[in-house]
Amino acid sequence: MRKSLMLTAISGAVAGMFLFGQVMAADLKIGIMVPTTGSEATSGKDMENAIKLAAMEINEGGGVLGMKIDTMTGDDACDPQQGTAAATKLVSADVAAVVGGYCSGATLPTLKIYGDANVPFVIAAANSTKLIDANMGNAYQINSTGFDQVATAVALFEKKGAKKLAVVHQGDGYSEDLAKLTREKWTAMGNEVVAYEVVNKGEQDHSALVTRIKSKAPDAVFWTAYYADGALLIKQLRQAGYRNLIAVGDGSNSPKLLEIAGKAAEGVYCFSNPTVDYLPAAKEFHANYKKTFNQEPDAYAALAYDGMKLMADAINRAGSTDKAAIIKALGETTSFTGIAGPVSFTDKNTLARSNFVTLIAKDGKWALSE
Amino acid sequence: MSIQDILLQQLANGLILGSFYALVALGYTMVYGIIKLLNFAHGDLYMIGAFIGFLFLSVLSPLIGDSWVGILCSMVLSMIAVGLLGVLIQRIAYQPMLSAPRLSILITALAVSMILSNAVMAFTDGEYLAFSTDLGYEGLEFGNVFVTYTQMVLVGAAALLMTGLYLFVHRTMYGKAMRAIAIDQDACRLMGIHVNRIIALTFFIGTSLAASAGIMAGAYYGSIHFFMGFVIGLKAFTAAVIGGIGSIPGAMLGGLLLGLLESFGTQIPFIGTEWKDVFSFGILILLLVFKPTGILGRTEIERM
Amino acid sequence: MALLDVENLGLSFAGLQVIKELSFSVDEGSIASLIGPNGAGKTSVFNCLTGFYKPNSGEILFNGRPITRKRPYKITRRGMARTFQNLRLFKSMSVLENVMSGMHCRTRSGPLGAILRTGSQRREEAEIKEFCEFCLDFVGILGEKDRTASNLPYGHQRRVEWARALATKPKLLLLDEPAAGLNFDEKQQLIELIKRIREELKITILLIEHDMGLVMKVSEMITVIDYGQKIAQGSAEEVQNNPRVIEAYLGREEDEVV
Amino acid sequence: MARIDSAAPKTGDVAGTGGPLRWLDSQKNRLIVLTVLAFLAMFLPLISSNYVLEVMTTAWFYVMLCLGLNIVVGYAGLLDLGYAAFFAVGAYTTGILTSHFGVNFWLTIPAAVLFSICAGVIIGGPTLRLRSDYLAIVTLGFGEIVRIIARNLEITGGASGLIGIEKPSIFGFELNQIFHFYYVFLILACLACFVSYRLQHSRLGRAWQYVREDEDAAEAMGIDRVAVKLYAYVIGAIFGGVAGCFFAAKMTAISPETFMFQQSVLILLGVVLGGMGKIPGVIVGAFALVLFPEVFRDLGSSRILVFAIVMLVIMLYRPKGIWPEKKS
């Protein structure tokens, strides 16, 4: 009895393995690749929600080319290996297109997989400049790249009369990339980077680093990584008596940063992709999102939503679900305007305009600077 | 800032960081001393301590505020709760494994660690929680070195807890029983010592010390996260080994030393902060190669 | 010429002098014994000889060359093998595998040979097996070779240790209380075996033993130590009649009164 | 009150024979399972989707890594918490040599073997005299040092790592499909099994077991325990290094994040879950490691929690693993 049970269980598991990922005859299948587990799960799920919301709205409006959109999520867990598995899973499931991409590190190796399968891919959040080189022509970035962010950042530091800059990143691909670009640009402009530092992810005490930075007396500190550790750094910088300018990159654009850092965060600048709060066109999306998911949309929700809408738009313009046609249509996008603004692409498949905004923390809230 | 000021400030930084390491390292070393188990879940209990403290504080703060009194009350409650959790873990997961191969126990400990951190992740959705308290930035300036009152209280509390533990282990019957069990469990059984109860007590004290460090860290740094136990678990493990694993004063010394190493490590000329961990792990390895039992660990002479 | 020469050996642990200026020697081809009351430091002497303890002073010459403070495996390779007072078998391995450990230092094939199963590696394995079976046969437990070591009766486990030591092809064999825990018949067989090892295998033997009957029967030279110091040396009769030895074993008469 | 604890652990209890997996303790049943699985492995690419293949390729890859670590942990009994370092050495050797110097992929393998040997000797040489618990922390430290070095250096591509590593080709035939890599890793895993088996049943394999069971007795028998351990370390390193080469070739992009402490723990889990020291056990463990999270993917973020709980239950009911070493 036990034996036969065992065999049934084994054969069942094996059969299950094969069924897993097999093509199911369905409508228009669109893949979502975001981290739904792991350290960046919050942001990933938020993007997944926004994409699903867009798909729902499209379906309510009659779908794409008469077909209903059916989304399928591949979890990259913000990890290159898992990302590869997720991408292969989506490609195996024969998705017509993929929207997503949050962690640059995890997105990077998947570009080859989508490229080989020639799957159209709209990258909504990941913006390491490394992605540009690895792009095989089928991927389009609708968020501005690191270059644009650096330009925005450097402009602010100049305007505030800073000469000596301290740059701190977190030892991952995304924040190191941003930090490096900033250092290059800042020194190229004849200014000085007095400190270029790394914080190890997950460490709470940065007091030693703070002392070191303070001793170099910078006019501005630029934190290029994520909000959680950024909040701790800001708090400890202020606690140690550092009074000059602090700015943080788009990874730190979260109300959580202000909540954790408390009053220490007052006056901190943040460079950000357009998020729902500062987009007049996003009012309706904001309300719908809150109604559907009973929570506030996070930083990349608007762009993820736009990504799905853009994909549907491109498929409509292509007039078929042929992948090459969709990719061509994406490249030819000129008249699409999402809630984050108009979209068109450079010859490197990146967003033609910079959509970075500068925010400042005021009374425990992010507000548009100026 | 002059170089002297910088070094003095780093000394203060290192001592503060080191007292956290020491508190967590103590639990590692106590558990190792008594049942020779590297309790990988120890860092996660620190994390759980912070979360449970956060829960208590959010319940208590409307009544007694979220300043010192509130933090102290929730700290005591959290220490008790997490201490009991530690005992529970020992009973469920470690007790049945004592006769199994050593590596299996280690894996069990890893599994417990994963269960704890992932359970908290599932509950909090992987979010960072802001541990908002009403602690100010006021402090004293010693020359150019600035130390906040909060920092002083933290170091004081850590020192108090450690002194208490030292006295407990060396001046009470329970402490004597603990030390005896560490030497020979079977002999203790024959002498009528209730071995399982003492092991449970050891787990209780060790984990509640980790919990106390967790809630202090939460209140001091201002945020808590399911992943926060990992790094400190690793560092505390290192500290315990530096001091000589199994030795209680060794864990305190190792913790402080590691804290100082790390803060002075950032000041080494020509070496950026990105090499900080290479520096502290390098020191650790050199120390172990030349003094394998740690600073205060005893060399055991094996009888043949 | 002496095979083993111990000169002014001294060893202390945490201030406690365990061995003090001990000198003795063992002639090639002889059977020698080291005796003394409990705690006299006999096993410590063995541990110094085989490299497990590092003596603080003195010199140990084996086959004319110094082996003081050398690592144990090197000393074994020079030709000194030992057994342990408390059995130290590889418990979960078979009897034959246990004995094969002794041949390790007399063979040389490495990982590449093992992976490719080269001719020389196979020849060597066959040679190891053959010699180990010879050793097991010599101590009389060849029939047990495939059993797990820890499942054997105590007396047979002792024999596995002897066979294992013989498999290192030693010049000098150190036996640490070989008769402990053996019954009368087994002890008689042990005496036979010790003599056969010397006669047939030409191996010199040094043993620590409590069983005076056995010691007196087999030993040609006996060294008596107490509190880590040599108190007597000589043939069985000489030692038996030495007042200091009697005192060490029985205590002084004044002590008895108190 | 001289009472002896009633809840004292039962010693001598035969471990690894409990729970519903008792069925696996019969030799015949194990053979049946093995034969069926071998056939499945050979013909899998004909019948399954690319996703299944991707997962299975990862599984074979972990089989190789776990077998490598098994030599260190299972055979020689050394606790190594930094095995990912060797894997990183291999992956970065291939990555750097192919992308910066244009070296052919196949030529990077001997280089990786060489570097792995060096890494093994550097790490093992000074540390193998240490007690096992200390060894754990030292290996952990080395693992972190290797990762941080990879993160900080220019030549390793810093935190973003290396991208665009070329796919290898054999006689002009480029390996670029997932089923190519499936077979590559299947062959590697088989090779790893073969080498492990031969080593286990050799003079060196026995020496590892002697040292694992009783270091002092082994030393008294003339076995240089440091040398024997170093062999285990270096051979384990070579396994990891070679696996790393092919990993880099398959992924085409590598970054330091892949070689974190968690990776080392994962590999160790694979070794221990199935039963240390026994080749089929390690294979079962590696598969459990890769398949559990995939099968439970629908649970979303709690799947790792489930994985951990299953792991704990397995350890409690079969402390010697799913497929433990047999006693005669």
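**Figure 1. Chain B carries 11 helices and four strands.** The model is predicted. Along its principal axes, the C-alpha trace of chain B spans about 60 × 50 × 40 Å. A compact globule of 304 residues would have a radius of gyration near 19 Å, so the 20 Å of chain B agrees with that expectation. Of the 304 residues in chain B, 57% are buried. Sequence separation is the next point. Take the contacts in chain B between residues at least 6 apart in sequence: 77% of them join residues at least 24 apart.

**Figure 2. Helices H6 and H8 of chain B cross at roughly 105 degrees.** H6(B) covers residues 173-183, and H8(B) covers residues 195-221. Their axes come within 10 Å. Angles of 65 to 115 degrees count as roughly perpendicular, and H6(B) and H8(B) are therefore roughly perpendicular to each other.

**Figure 3. Five pairs of chains touch.** Chains A and C are not joined by any contact. The closest C-alpha atoms of chain A and chain C lie 30 Å apart.

**Figure 4. Chain A meets chain D through several helices.** The contact draws 33 residues from chain A and 28 residues from chain D. On the chain A side, at least two residues each come from helix H1 (2-19), helix H3 (80-92), helix H4 (104-117), helix H5 (130-134) and helix H7 (173-188). H3(A) gives the largest share of that side, with eight residues. By class, the side of chain A that touches chain D has 11 nonpolar, 12 polar and 10 charged residues.

**Figure 5. Chain A divides into two parts, domain 1 and domain 2.** Domain 1 of chain A takes in 26-144 + 279-343. Domain 2 of chain A is 147-272. The C-alpha centres of the two domains of chain A lie 30 Å apart. Eight residues of domain 1 and 11 residues of domain 2 make the contact between them. On the domain 1 side of this contact in chain A, one residue is nonpolar, five are polar and two are charged.

How values were computed: Residues numbered from 1 in each chain as written. Chains lettered and ligands numbered in written order. Predicted model: local features only at pLDDT ≥ 70, side-chain atom pairs only at ≥ 80, totals over all residues. Axes fitted to C-alpha atoms, helices over the stretch in contact; angles between N-to-C directions. Parallel < 35°, antiparallel > 145°, perpendicular 65-115°, else oblique. Contact = placed C-beta atoms within 7 Å. Nonpolar A, V, L, I, M, F, W, Y, C, P; charged D, E, K, R; others polar. Rg over C-alpha atoms; globule rule 2.2 N^0.38 Å. Buried ≥ 20, exposed ≤ 12 C-beta atoms within 10 Å, placed from the backbone. Domains from an automatic or database assignment.
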